[in-house]
Amino acid sequence: MHAEIAGAGFAGLAAAIALNHRGWSVRVHEKQAELRAFGAGIFIWENGQRVLQAIGAYPDVARGAHQAPGYETRRNGVCVSFENINGSNPFLLMTMTRQHLYAGILAAAARAGIEIVTRSEAIAARPEGVLELKGGRSLKADLVIAADGVRSLVRDSLGVACARKKYQDGIVRVLVERGDFVGGAWDHVIDFWAFEPRTLRILYAPCEDGRLYMAMMSPRDDAEGSRLPIDARVWGATFPMLAPAIATVGSRGRYDVYETTRLDAWSVGRIAIIGDAAHAMPPTLAQGACLAMMNALSLAEAVSTDADTIASLKRWEATERALTDHTQARSAELARTRALGSGMQWDDIGLRAARHVPTGTRGEDFDRARTTEARDARRTRGEA
Ligand SMILES: Cc1cc2nc3c(=O)[nH]c(=O)nc-3n(C[C@H](O)[C@H](O)[C@H](O)COP(=O)(O)OP(=O)(O)OC[C@H]3O[C@@H](n4cnc5c(N)ncnc54)[C@H](O)[C@@H]3O)c2cc1C
């Protein structure tokens, strides 16, 4: 069985590795000249970590990634919610640069011997199992996967009804050096919100190698807040504790508006659509990449346990989609209401996906790895 995959992002690579592990031959097409992750930092919750383990990327990704001991929310300078995480508490969360995550997944793909063709742009697919590339080549496959991101050309070529929505806020994502932001509460993930005199938010997340990820949210209609390069005076005045880090941002960053993409169907014939191409969502629950990788893994599992590929794709969607729809709807609600400004939602509604044991993973193996990683992390911090 052979698969052609459009897009070497988190979804496309996870699908490629998972299919390879199940005996498929795979080829991945990436339109960029270089394999690299766009963006700054990323949160990977426990469900995403389980997928990383299933595809053989977890040890590389966990090594060095930041495991914050606490997650707090501060509103106008006052702590409104706090959770111990990553220890005895069942919430597992790692923060890292996107390049760190990508490198770990790419290394797993290289170990599996997966062919990734760069400068190879997919422009369309046909339901009988054909991927069309820019330049005129058409490639036949038992399974074609559209993993070419939120503006997917492959998805659009299939004529699947697609509802898109943009929200009132957007984010500038930057990486800076942590500098003196080390130790005590500065090792936590901290969600800083301000509603007076204007609505602004900085999600503060330490990463590997002394890097600091700041996701800087502002309303689209706030010309000063959404200005690029960021106005260090405006942001520094709103979040004085972070002013030294904000002062180093300079011209980094791009303003991305929150958006959702919702499809009528995740497959057409032998074509499956995964990741942001299928279900982009606001980053309010930090689940987009986690779900993209989860659905890539469950897709590989589905098409490998049933000889009828087209029927297995329908079953895959019927089994897996409800959790993604739930998470997308909740993310959209949090984007619309800005309810995270009143504290992280540590409930089943918010964390259902994070707590989910993904199809294609084995819980007991992960628990063992988790114990080892937590012990190593404590040793590194000199706590044990
Ligand atoms: C501000 C922000 C913060 C986020 N934070 C988090 C977070 O903390 N945790 C989390 O889990 N998720 C987060 N997400 C969501 C996450 O970034 C996405 O869900 C994830 O990147 C989707 O992966 P993907 O592989 O589907 O798409 P992409 O990452 O977009 O990858 C698509 C790949 O396909 C390539 N490509 C595009 N078009 C073509 C083509 N025609 N032919 C060939 N190749 C093509 C692209 O170059 C790219 O390499 C965030 C999103 C945003 C906007």
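1. In this note, helices and strands are DSSP runs numbered from the N terminus, a helix having at least four residues and a strand at least two. On that basis Asn-76 falls in the loop between strand E4 (70–75) and strand E5 (78–84). The model is a predicted one, and the points that follow should be read with that in mind. Phi of Asn-76 is near 45°, which is a positive value in a residue other than glycine, and with a relative accessible area of 41% Asn-76 is partly exposed.

2. As to the chain as a whole, 12 helices and 18 strands are assigned. The radius of gyration is 20 Å, close to the 21 Å that the globule rule gives for 384 residues, so the chain is as compact as a globular protein of that length. Taken along the principal axes, the C-alpha atoms fill a box of roughly 60 × 50 × 35 Å, and 57% of the 384 residues count as buried.

3. For Glu-30, an N or O atom of the side chain is 2.6 Å from an oxygen atom of the ligand; for Asp-276, a polar side-chain atom lies 2.7 Å from an oxygen atom of the ligand; and for Phe-43 the atom concerned is a polar one of the backbone, 2.9 Å from a ligand oxygen. On its own the ligand has 1000 Å² of accessible area, of which the protein covers 86%.

4. Strand E15 itself spans residues 211–219 and is mostly covered, with 8 of its 9 residues buried.

5. Strand E15 also pairs with strand E14 (residues 200–206), the two running antiparallel and being joined by 6 bridges. Here Arg-201 stands opposite Met-217 in E15. The hairpin of E14 and E15 has 4 residues between the strands, and in this hairpin Asp-209 takes a positive phi near 55°.

6. One joins Glu-196 and Pro-197, with omega about 0°, and Pro-197 is placed in the loop between strand E13 (189–194) and E14. Another joins Leu-228 and Pro-229, with omega about -10°, and Pro-229 is found in the loop between E15 and helix H6.

7. Arg-227 also has its place in the loop between E15 and helix H6 (232–238). Is this arginine, Arg-227, buried or partly exposed? Because residues are called buried under 20% relative accessible area and exposed over 50%, with partly exposed in between, the 38% relative accessibility of Arg-227 makes it partly exposed. The side chain of Arg-227 makes a polar contact of 3.4 Å with the side chain of Asp-231. Arg-227 and Tyr-255 are 28 residues apart in sequence, and their C-alpha atoms are 8.2 Å apart in space.

8. Thr-361 lies in the loop between helix H11 (348–355) and helix H12 (363–380). At 15% relative accessibility Thr-361 counts as buried. A polar atom of the Thr-361 side chain lies 2.7 Å from the backbone oxygen of Pro-358.

Notes: Residues are numbered from 1 along each chain as its sequence is written. This is a predicted model: local features need pLDDT of at least 70, side-chain atom pairs count only at pLDDT 80 or more; totals for chains, interfaces and linings use all residues. Side-chain values use heavy atoms; hydrogens and water are left out. A polar contact is a pair of N or O atoms within 3.5 Å; within protein, one must be able to donate a hydrogen and the other to accept it, and residues adjacent in sequence count only if both atoms are side-chain atoms. Accessible areas come from the Shrake-Rupley method with a 1.4 Å probe; for residues, only the protein chains shown count as cover. Buried means under 20% relative accessible area, exposed over 50%, partly exposed in between (1.4 Å probe, protein chains only). Two strands pair if DSSP finds at least two bridges between them. The radius of gyration is taken over C-alpha atoms; the globule rule is 2.2 Å times the number of residues to the power 0.38.
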